[in-house]
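Welcome, and please open the structure in your viewer. We will go from stop to stop, selecting a few residues each time and looking at what is there.

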Amino acid sequence: MEHIAYQNDEHQSDNDEQPLSRSAYRKAQRQKQEAFDRRDRERLKAEKRYAKEHSEPEYAPEQQEAVAAGKINRLKRRLNWAIFWLILGIIAVFLILFFVEF
């Protein structure tokens with residue numbers, strides 16, 4: 001109960017302050033919004049700068065094609081091995097099911 005009374009005391013002290021006029025309230029809100037917008041613009045600038053600094057290096061068109069071809073070939077090889085191991089696993093399951101009696 002004491003805690004509730006303390007909260008009420010705080011609330012009463014807030015009410016003792018003079019309320020803001022509409023124009024003063026609007027001005028305070030506008031200043032808060034402008035400050036937020038300014039921080040947001042700075043954040044966006046920093047994010048763009050970071051993205052530029054940490055992006056992949058630019059390659060000549062021929063190099064880009066070679067890099068893409070290398071990635072595609074590597075992916076093809078990995079997929080072929082995955083298919084191989086899946087087929088091998090399916091065959092193993094069928095052999096187990098065929099030779100194991102329930």
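Before we start, one term: two rings of Phe, Tyr or Trp (for Trp, the six-membered ring) count as a pair if their centres lie within 6.5 Å. Planes over 60 degrees apart make a pair edge-to-face. Keep in mind throughout that this is a predicted model.

**Stop 1: the whole chain**

Show the chain as a cartoon. You will find three helices and zero strands, and from the N terminus on the order of elements is α-α-α. How much of the chain counts as buried? Of its 102 residues, 1% do. The accessible surface comes to about 10400 Å², and 59% of that belongs to carbon and sulfur atoms.

**Stop 2: charged partners in helix 2**

The structure holds three salt bridges. Select Asp40 and Arg43, which both lie in helix 2 (residues 22-53). They form a salt bridge whose closest N and O atoms are 2.5 Å apart. The two residues are three apart in the chain, about one turn of the helix. Asp40 is partly exposed, with a relative accessible area of 25%, and Arg43 is also partly exposed, at 40%.

Glu47 and Arg43 are four residues apart in helix 2, so about one helical turn separates them. Glu47 has a relative accessibility of 41% and therefore counts as partly exposed. Through shared partners, salt bridges join Asp40, Arg43 and Glu47 into one network.

Next, select Glu42 and Lys45. Their salt bridge has its closest N and O atoms 3.9 Å apart. Because Lys45 and Glu42 are three residues apart in helix 2, they too are separated by about one helical turn. Glu42 is partly exposed, with a relative accessible area of 46%.

**Stop 3: a stretch named in a record**

Select residues 81-100. An unreviewed UniProt entry places the feature "transmembrane region" here. In the model, this span is 95% helix and 0% strand, and its end C-alpha atoms lie 28 Å apart.

**Stop 4: aromatic rings**

How many aromatic pairs does the structure hold? There are three. Select Trp81 and Phe84: their ring centres are 5.7 Å apart and their planes are at 90°, so this pair is edge-to-face. The two residues are three apart in helix 3, which means about one helical turn lies between them. Phe84 is partly exposed, with a relative accessible area of 40%.

Now move to Phe98 and Phe99. Their ring centres lie 5.0 Å apart, and because their planes are at 80°, this pair is edge-to-face. Is Phe98 buried or exposed? Phe98 is exposed, at 63% relative accessible area, and Phe99 is exposed as well, at 60%.

Ring pairs link Trp81, Phe84 and Trp85 into a cluster.

**Stop 5: a nonpolar patch**

For the last stop, select Ile83, Ile87, Ile91, Leu95, Phe98 and Phe99 and show their surface. Together they make a nonpolar surface patch of about 660 Å². Phe98 and Phe99 are the edge-to-face pair from the previous stop. Leu95 sits in helix 3 (residues 61-99), and with 46% relative accessibility it counts as partly exposed.

Note on methods: Residues numbered from 1 in each chain as written. Predicted model: local features only at pLDDT ≥ 70, side-chain atom pairs only at ≥ 80, totals over all residues. Heavy atoms only, no water. Patch = residues over 30% accessible without salt bridge, like charges linked within 9 Å, V, L, I, M, F, W, Y side chains within 5 Å. Areas by Shrake-Rupley, 256 points an atom, 1.4 Å probe, with all protein chains shown as cover. Salt bridge = Lys/Arg side-chain N within 4 Å of Asp/Glu carboxyl O. Buried < 20%, exposed > 50% of the residue type's maximum accessible area, 1.4 Å probe, protein only. UniProt positions renumbered as here; feature names shortened; annotations may be inferred. Phe/Tyr/Trp six-rings, centres within 6.5 Å; stacked < 30°, edge-to-face > 60°.
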